[in-house]
There are 2 protein chains.
Amino acid sequence: MKQPGMLEMPVLGLLKGQEMHGYELRKQLSGMLGPFWQVSWGSLYPTLRRLAKAEAVEKVVEPKPKPARRTTKRAVAKAEKTTFEMSPGRRKTVYRITPYGEELFTSMLEETAAAVDAEHFTLKLAFFRYLQPDTRLALLERRRAYLQEKLAQFKTNLRDYRERIDSYTLSLQNHSMAATQSDIEWIDELIREERSVQGGATPTQA
Amino acid sequence: MKQPGMLEMPVLGLLKGQEMHGYELRKQLSGMLGPFWQVSWGSLYPTLRRLAKAEAVEKVVEPKPKPARRTTKRAVAKAEKTTFEMSPGRRKTVYRITPYGEELFTSMLEETAAAVDAEHFTLKLAFFRYLQPDTRLALLERRRAYLQEKLAQFKTNLRDYRERIDSYTLSLQNHSMAATQSDIEWIDELIREERSVQGGATPTQA
DNA sequence: GCGTGATATATCGTTTCGATATATCGAAGC
DNA sequence: GCTTCGATATATCGAAACGATATATCACGC
């Protein structure tokens, strides 16, 4: 994944559920979105730092995981150095979302505008339960329109280039088109379910 | 797309076919890989600069597209400033691959190692015609193994998380799994075709 | 005690991103 | 002829994401 500021939203969304440390956040992200979606450390920790600086999250000081009976002088000396902040190692820096962070998360999730490409959409889908039904529908329909447009572009493209591309590239494009078509059908199913739920209570959650 | 130095290979591959300028390269890239694959300028031009610095490509001085009868003093002054290099505007900086660039391209394309993720694989597929049949097969089988592994991870993941994820996320994962399965079937087809072309002609090495 | 692998935090340099600036050309419209 | 406009074309900027890597702790099996 690659867009600027893409991680902020899902990180806040997860922390909305419960406070967590970095390692756990990464695991949850993969658990939610599947094994293809791997967040790199070089991406996650700077994001947490940015969020902390913006006061959207705050660090929670964890109680020492082990009293660690310190008997030797070396251990005492080491402990003294470690006592307040700093020093790497097993520290479990836990992050908690702030009220401002909750606001930020909601506004990020709601702006349906250009959240149309695969990754943005996928990310938002994972937090659909926090959205109003009509916003959900709007998002789904926008995504559908986007995919349909891409499908049309595939066709135009193939019409113009077919003779100039080799069999491997042709096979690739055909497969990509089929995948896009399959995506559309999946979205259609989601739209259908969404509509059938509208008019009753709030959608299922589990 | 996102890996470091991912653009180098396809750019060289296209220039191997014929010399081109930046704008054309971008169009060709989209034409080959489909409308989802959009290369940004901020990515393409630095890549060309890197390749030029490494002497893998060279700039070809284009004949002035218009002689532009320079009559006024102002025009002459401007021409003087423009004569050699520099000044923006319609210049059509054409790039040509060097012998070293050809070597580089081949070695980049051949190293089957970690070229297993979607984008790397897709990119290589578009230049499969430059590879030996056995290298092609190796690449296809590696990609297949990778997808199969991801499929297994999906299943493990769902077994462990199913109760904790909501209906939208579940639907997403199911769709992603189906897409992965479809990818595998496509790869299988490519493998089958590859093998049938190889026939019994080439005995599998020694 | 000793190694190994999972947990955990963090940064480094490079690359990619979207946005934007600048300029030229051809065709359309006046 | 003049001007506007959209396509062509090159280029850079700051922010963000990348893979790789360093460091450290803990749980375990041996």
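Biologist: Let's begin with the strands. How many bridges join strand 1 of chain B to strand 3 of chain B, and do they run parallel or antiparallel?

Modeller: Keep in mind that this is a predicted model. The general idea: strands of a sheet pair through backbone hydrogen bonds, either parallel or antiparallel. Here, strand 1 and strand 3 (residues 94-97) of chain B run antiparallel, and two bridges join them. To find the spot, look for H21(B), which stands opposite V94(B) in strand 3 of chain B.

Biologist: And what is the order of the strands in the open sheet of chain B?

Modeller: The order is 1-3-2, for three strands with antiparallel pairing. At the edges you'll find strand 1 (20-21) and strand 2 (57-60) of chain B, each pairing on one side only.

Biologist: Which strands of chain B does helix 1 lie across?

Modeller: Helix 1 (residues 8-17) of chain B lies across strand 1, strand 2 and strand 3 of that chain. Against strand 3 of chain B, helix 1 runs at about 90°.

Biologist: Now helices against helices. At what angle do helix 2 and helix 3 of chain B pack?

Modeller: Two packed helices are described by the angle between their axes and the distance between the axes. For helix 2 (residues 22-33) and helix 3 (residues 41-53) of chain B, the angle is about 120° and the axes are 11 Å apart. Helix 2 of chain B and helix 3 of chain B are therefore oblique to each other. The crossing is right-handed.

Biologist: Which residues meet there, between helix 2 and helix 3 of chain B?

Modeller: From helix 2 of chain B come G22(B), L25(B) and R26(B), and they meet L44(B), Y45(B) and L48(B) of helix 3 of chain B. Sorted by class, that contact has four nonpolar residues, one polar and one charged.

Biologist: Let's zoom out to the two chains. By what turn can chain A be laid on chain B?

Modeller: A turn of 180° does it, with a shift of 0.0 Å along the axis and an RMSD of 0.1 Å. That is the relation of a two-fold axis. The same surface serves both copies, since 91% of the contact residues of chain A recur in chain B.

Biologist: How many residues does the contact take from each chain?

Modeller: Chain A gives 32 residues and chain B gives 30 residues. On the side of chain A that touches chain B, helix 8 of chain A supplies the largest share, 11 residues. By class, that side has 15 nonpolar, 13 polar and four charged residues.

Note on methods
Residues are numbered from 1 along each chain as its sequence is written. Chains are lettered from A and ligands numbered from 1 in the order in which they are written. This is a predicted model: local features need pLDDT of at least 70, side-chain atom pairs count only at pLDDT 80 or more; totals for chains, interfaces and linings use all residues. Copies are superposed by least squares on the C-alpha atoms of residues with pLDDT of at least 70 in both. Two residues are in contact if their C-beta atoms, placed from the backbone, lie within 7 Å. Helices (H or I, at least four residues) and strands (E, at least two) are DSSP runs, numbered from the N terminus. Ala, Val, Leu, Ile, Met, Phe, Trp, Tyr, Cys and Pro count as nonpolar, Asp, Glu, Lys and Arg as charged, and the others, Gly among them, as polar. Axes are lines fitted to C-alpha atoms, for helices over the stretch in contact, and angles run from 0 to 180 degrees between N-to-C directions. Angles under 35 degrees count as roughly parallel, over 145 as roughly antiparallel, 65 to 115 as roughly perpendicular and the rest as oblique. A crossing is left-handed if the near helix is turned anticlockwise from the far one by less than a right angle, and right-handed if clockwise. Two strands pair if DSSP finds at least two bridges between them.
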